[in-house]
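This report examines helix packing, nonpolar cores and selected residues. The sequence and structure are shown first.

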Amino acid sequence: MQLRYTRSGHIFILAEDDCNAVVDAILVTGYDQDFCIADDFNPEFISSLMEAGFLVMSANVAGEGEEPHYILLPKLHLERSALFYENLHIKKSIKKHLNRYELCPDADFNRIVDRCVEKHGADWLTPPLVTNIREIRKEAKRKELSLLPTPFAYPASFALYRGDKLVAGEFGVVCGNIYTSYSGYYEEDNAGTVQLILAAQYLQESGFLFFDLGMPMDYKTDLGAENITDREFIRLFRNEEI
């Protein structure tokens with residue numbers, strides 16, 4: 001397909017584009033940026049980006065004192081952190097905490113999204129992106145989707161409780177047999193790590209291929225995650241044979 005580029009050298013994606021074809025072109029041309037740019041916040045378009053393997057972020061590009069002007073930043077990591085279950089590493093210091101908590105898959109979605117924004121800010125979880133993620137989830141719920149492998153984009157959550165208290169949570173997107181983590185938070189020591197471990201175990205039991213943790217970071221590597229290329233990620237995302 002014919003790619004369009006901004007002055008900054010980023011690929012610009014239109015709502016009418018075939019998002020899978022955009023991904024193919026990215027891999028063929030050796031595009032060396034993590035991000036593309038788009039300006040259409042239609043939930044169907046955002047779903048199409050998610051279903052092509054993009055992690056969809058956003059930004060306000062208005063100057064100081066100007067009215068907000070939001071853009072989408074579809075991200076296809078050049079290097080992606082993937083936790084394959086056989087590599088899951090649980091430190092002895094964490095094992096003793098696992099039974100103190102209860103993981104509730106797909107619970108408290110809106111509350112968790114709100115807490116992620118409160119904890120980390122709205123630099124990329126901008127108001128229009130959050131609104132449309134909620135709309136995509138609402139539509140998926142009408143299709144009776146849940147936190148199981150599905151061919152459609154389905155925003156989902158993991159809530160971690162100690163007793164009646166919500167102490168950690170994250171939300172992400174299910175598509176195919178991949179769950180991609182978007183953002184998370186924790187309220188007390190060890191709760192964030194426990195939530196990730198129990199979520200990984202749930203994903204394994206539910207038939208997901210691996211836990212897509214997005215951008216590589218040290219704490220993800222400590223859990224056993226390894227870094228894979230964008231090409232390898234898309235091959236796995238599409239269930240393609242070598």
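## Packing of α2 against α5

In this predicted model, helix α2 meets helix α5 through Pro43, Ile46, Ser47 and Met50 on the α2 side and Leu129, Asn132, Ile133, Glu135 and Ile136 on the α5 side. By class, six residues of this contact are nonpolar, two are polar and one is charged.

Helix α2 covers residues 43-51 and helix α5 covers residues 127-142; their axes lie 9 Å apart at an angle of about 80°. Angles of 65 to 115 degrees count as roughly perpendicular, and α2 and α5 are therefore roughly perpendicular to each other.

## Packing of α1 against α8

A further helix pair is formed by α1 and α8, the latter spanning residues 230-237. Their axes come within 10 Å and cross at roughly 145°, and the crossing of α1 past α8 is left-handed.

From α1, the contact involves Val23, Leu27 and Val28, while α8 supplies Asp230, Arg231 and Ile234. Four residues in the contact of α1 with α8 are nonpolar and two are charged, with no polar residues.

## Nonpolar cores

The largest nonpolar core comprises 57 residues. Met50, Phe54, Val56, Leu72 and Phe171 have the most contacts inside this core. Helix α1 gives the most to the core, with six residues. In soluble globular proteins, nonpolar side chains tend to be buried together.

Leaving aside neighbours within four places in sequence, Phe54 is in contact with Ile13, Cys19, Val22, Val23, Ile26, Cys36, Leu49, Pro74, Lys75, Leu76 and Tyr182.

Is Gln195 buried or exposed? Gln195 has a relative accessible area of 3%; buried means under 20%, so Gln195 is buried. The residue lies in helix α6, which runs over residues 191-205. Beyond its neighbours within four places in sequence, Gln195 is in contact with Leu103, Phe158, Leu160, Ala168, Gly169 and Glu170.

Glu16, by contrast, is exposed, with a relative accessible area of 61%. Glu16 is located in the loop between β2 (11-12) and α1 (19-29). The C-alpha atom of Glu16 is separated by 8.2 Å from that of Phe45, although the two residues are 29 residues apart along the chain.

How values were computed. Residues are numbered from 1 along each chain as its sequence is written. This is a predicted model: local features need pLDDT of at least 70, side-chain atom pairs count only at pLDDT 80 or more; totals for chains, interfaces and linings use all residues. Side-chain values use heavy atoms; hydrogens and water are left out. Helices (H or I, at least four residues) and strands (E, at least two) are DSSP runs, numbered from the N terminus. Buried means under 20% relative accessible area, exposed over 50%, partly exposed in between (1.4 Å probe, protein chains only). Axes are lines fitted to C-alpha atoms, for helices over the stretch in contact, and angles run from 0 to 180 degrees between N-to-C directions. Angles under 35 degrees count as roughly parallel, over 145 as roughly antiparallel, 65 to 115 as roughly perpendicular and the rest as oblique. Contact means heavy atoms within 4.5 Å. Ala, Val, Leu, Ile, Met, Phe, Trp, Tyr, Cys and Pro count as nonpolar, Asp, Glu, Lys and Arg as charged, and the others, Gly among them, as polar. A crossing is left-handed if the near helix is turned anticlockwise from the far one by less than a right angle, and right-handed if clockwise. A nonpolar core is a set of buried Ala, Val, Leu, Ile, Met, Phe, Trp, Tyr and Cys residues joined through side-chain atoms within 4.5 Å.
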